[in-house]
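Hello,

Here is the structure I promised to pass on to you. Have a look at it first, and my notes on its aromatic side chains follow below.

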Amino acid sequence: MSDTPFGFGLPPEEPDDGDEGKKKDQQSGGGQGPANPFGFGGLPGAGGFGGPGGPGADNPFAAMFGSLNPTDLGAAFQQLGQMLSYEGGPVNWDMAKQIARQTVSQGTADGTKDSSVGPAERTAVQEAVRLADLWLDDATSLPSGAGTAVAWSRAEWVEATLPAWQELVDPVAERVGTAMGDVLPEEMQAMAGPLIGMMRSMGGAMFGTQIGQAVGVLAGEVVGSTDIGLPLGPAGKAALLPVNIETFGKDLGVPKEEVRLYLALREAAHQRLFAHVPWLRSHLFGAVDGYARGIKVDTAKLEDVVGQFDPQNPEQLQDALQQGMFQPEDTPEQKAALARLETALALVEGWVDAVVHAAAKPRLSSADALRETLRRRRASGGPAEQTFATLIGLELRPRRLRDASRLWASLTDARGVDGRDALWAHPDMLPTATDLDDPDGFVHREQIDFSELDKMLGEAAGGSGEKPNLKKDDDGKGDDTE
């Protein structure tokens with residue numbers, strides 16, 4: 001996957017059909033332009049574009065559709081019409097879903113294909129999540145957050161997580177779509193209305209294509225609904241992907257049951273956090289939106305593209321999107337948004353890492369090995385890093401995750417499980433990026449005793465007139481007596 005934002009780089013891989021079509025077109029010597037001028041890979045049912053001797057080899061649309069049978073030709077024109085007539089938001093999500101499903105159906109690079117989940121696998125996942133929740137009761141004060149446990153195929157993961165992707169990606173794409181309509185002088189915009197509409201439709205299709213490819217590739221890697229540190233699935237539903245768990249544990253030398261159980265612990269821990277910290281989801285998604293608002297568009301480059309835009313060659317827009325037109329602003333506000341997002345994700349993942357390790361270490365002989373495997377996966381660019389790099393140009397720093405995990409473990413030692421988890425009561429109580437640099441300083445910092453404040457407010461409401469003493473005694477606890 002690309003390490004730059006959507007629309008900033010090439011898709012992970014184009015379907016084989018599209019590449020084959022280009023080769024055939026070049027070999028035939030016919031056609032005035034690429035076999036697939038829209039740069040979207042193969043269309044449904046297309047076995048190859050512009051085959052040798054295909055009808056209409058002198059025009060790009062005939063080259064594109066010439067070798068198709070009537071049924072495939074109708075499907076191809078239908079998709080093209082949908083692409084050009086799209087009038088929705090900044091991303092064509094219908095196309096994104098279609099591309100993601102196509103990417104999933106092609107299988108992963110190692111040859112693993114998606115498959116339906118059988119009854120035995122569903123039962124195994126449900127039992128693993130049930131046992132994981134039982135173990136987590138000793139490791140955290142947050143109660144279970146998983147009302148149900150489900151086993152998903154890759155295609156089911158795509159379907160279930162697309163609403164969350166829409167919430168994450170639309171702010172970035174909106175910036176691009178607005179810029180595409182604003183580059184022309186105001187007096188020219190009325191005259192160029194149809195062109196601008198076509199550009200926006202094409203932009204929505206291009207974003208939809210790249211997002212669909214990214215989500216489709218990610219579906220072949222993730223093992224649950226919370227791998228990237230965000231709640232992508234429906235609330236209260238712990239989900240695991242058996243086919244990907246099988247691939248993940250294949251060469252680890254660890255029994256499959258232990259691998260499944262360890263990953264169920266991580267999924268169930270995420271579910272507890274997101275279910276019982278009500279502000280956390282909006283905080284994380286808001287941080288993504290805040291970072292996206294700082295992305296600016298090189299309007300000079302976009303104006304140049306618009307001035308030379310050829311409706312018969314709309315791939316120019318995609319080429320422009322791939323040449324670094326959109327960059328984050330180097331402003332204090334943007335840096336603050338980036339730090340807030342990185343820190344929030346690190347704290348979530350660090351807490352899960354610490355809690356899962358505490359629950360698994362006494363019970364699973366493979367706990368240390370599985371923990372290190374997941375950490376290395378992150379350090380080498382696992383799903384979280386790749387997805388966020390593709391999404392908004394953000395690369396999570398693995399060092400932050402390790403620092404956060406150490407800080408939560410130290411808090412457990414110093415304040416106990418209840419004291420550690422109480423910090424999730426409000427975002428202002430959480431450690432900051434600076435605290436991750438000095439975890440000992442944060443762990444031993446004097447904390448306000450909110451229980452005394454609650455008591456004071458309750459007594460004031462009851463008219464007792466009694467004022468509790470909020471001073472701290474030697475053991476750090478409030479004393480009601482003078």
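**Aromatic contacts**

Tryptophan 408 has a relative accessibility of 0%, so it counts as buried. Please keep in mind that this is a predicted model.

Tryptophan 424 is also worth a look: its relative accessibility is 4%, and it therefore counts as buried too. The rings of tryptophan 408 and tryptophan 424 are stacked, because their centres are 5.3 Å apart and their planes are at 15°, where under 30 degrees is the cut-off for stacking. This pair links distant parts of the chain, 16 residues apart: tryptophan 408 belongs to helix α17, while tryptophan 424 lies in the loop between α17 and α18.

How many aromatic pairs does the structure hold? There are three. One of them is formed by tryptophan 351 and tryptophan 424, with an edge-to-face arrangement: 6.4 Å centre to centre and 85° between the planes. Here the partners are 73 residues apart, with tryptophan 351 in helix α14 (residues 332–360) and tryptophan 424 in the loop between α17 (398–421) and α18 (433–437). Tryptophan 351, like tryptophan 424, is buried.

Taking the rings together, Trp279, Trp351, Trp408 and Trp424 make up one aromatic cluster.

**Charges over rings**

Arginine 281 places its charged end over the ring of phenylalanine 285, 4.2 Å from the ring centre. For arginine 415, the charged end sits over the ring of phenylalanine 442, at 5.8 Å from its centre.

Technical notes: Residues are numbered from 1 along each chain as its sequence is written. This is a predicted model: local features need pLDDT of at least 70, side-chain atom pairs count only at pLDDT 80 or more; totals for chains, interfaces and linings use all residues. Side-chain values use heavy atoms; hydrogens and water are left out. Rings of Phe, Tyr and Trp (its six-membered ring) pair if their centres lie within 6.5 Å; planes under 30 degrees apart count as stacked, over 60 as edge-to-face and the rest as tilted. Helices (H or I, at least four residues) and strands (E, at least two) are DSSP runs, numbered from the N terminus. Buried means under 20% relative accessible area, exposed over 50%, partly exposed in between (1.4 Å probe, protein chains only). A charge sits over a ring if NZ of Lys or CZ of Arg is within 6 Å of the ring centre and within 35 degrees of the ring normal.
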